[in-house]
Amino acid sequence: MNAAPADQIRLLDVQALDVRLQQLAHKRKSLPEHAEIESLAKDLTQLRDLLVAAQTEESDCGREQTKSEQDVDLVRQRAARDQQRLDSGAASPRDLENLQREIVSLAKRQGDLEEIVLEVMERRESAQERVAELTERVSAVQAKTDDATARRDAAQGELDAESASVTKERELVAGSVPADLLKLYEKLREQQGGVGAARLYQRKCEGCHIELNITELNDVRAAARDAVVRCENCRRILVRTSESGL
């Protein structure tokens, strides 16, 4: 294949712009905020699970406390009715004796139930404190996540803007390169890890960074100025310049 030396040098410009686009894409993918957001998301999920568990416990304790308080109230009402009957004296001596025993029994039962109420209240207060603590921690992690997301979006926006600018410039430069040369370059770029053309600098290919031996140098020297030469080692397009050392 033949191409004017100036066209081959412009191919190096296209290559440089493609490398820049690759760097920008890599930088966008490797932003530290990605790992930070992922880590925060895991923390947030864990904390929210703990918060739901604490809220459920607090709710269960609330229902248990209400039930226990209702039981205490029922016992208290029955004891009051028994005491009223006992105070009225409108019953047989045996019934009055039974009422006295029941009032004593109800008092003990009321005491036991009130202890249960206190125990449930303590558990509920503990659960409420846990809910408050976890709610605060969720808010803090969410704030960090929002901050990291904003920083990531801003960084991506800058990178996207630069990528758009480089892409536009690349289109202009590539448009000035002969189609067959550009096609070969694109094919080699895909095969060679993103580098399809390399400068020959001081007798060394800047694609594979291997110095040409004397035979290869003589072949390059003997090639016509518009001949498209390839590196014998990596097969990339080898672009000759005044710094090639020929």
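# Sheet and helices in a predicted model

Q: How many bridges join strand β1 to strand β4?
A: Strands of a sheet pair through backbone hydrogen bonds, either parallel or antiparallel. Here β1 and β4 run parallel. The number of bridges joining β1 to β4 is four.

Q: Which strands stand at the edges of the sheet?
A: The sheet is open, with four strands and mixed pairing. Its order is β2-β1-β4-β3. A strand with a single partner has one side left without a neighbour in the sheet, so the edge strands are β2 (204–205) and β3 (229–230).

Q: At about what angle to β4 does helix α1 run?
A: Helix α1 spans residues 5–29. The helix lies across both β1 and β4. Its angle to β4 is about 120 degrees.

Q: What radius of gyration does the protein chain have?
A: The C-alpha atoms fill a box of roughly 135 × 35 × 25 Å along the principal axes. A compact globule of 246 residues would come out near 18 Å. The chain itself has 42 Å.

Q: What share of the 246 residues is buried?
A: A residue counts as buried under 20% relative accessible area. By that cut-off, the buried share of the chain is 32%.

Notes:
Residues numbered from 1 in each chain as written. Predicted model: local features only at pLDDT ≥ 70, side-chain atom pairs only at ≥ 80, totals over all residues. Heavy atoms only, no water. Pairing = 2+ DSSP bridges. Helix = DSSP H or I, 4+ residues; strand = E, 2+ residues; numbered from the N terminus. Contact = heavy atoms within 4.5 Å. Axes fitted to C-alpha atoms, helices over the stretch in contact; angles between N-to-C directions. Rg over C-alpha atoms; globule rule 2.2 N^0.38 Å. Buried < 20%, exposed > 50% of the residue type's maximum accessible area, 1.4 Å probe, protein only.
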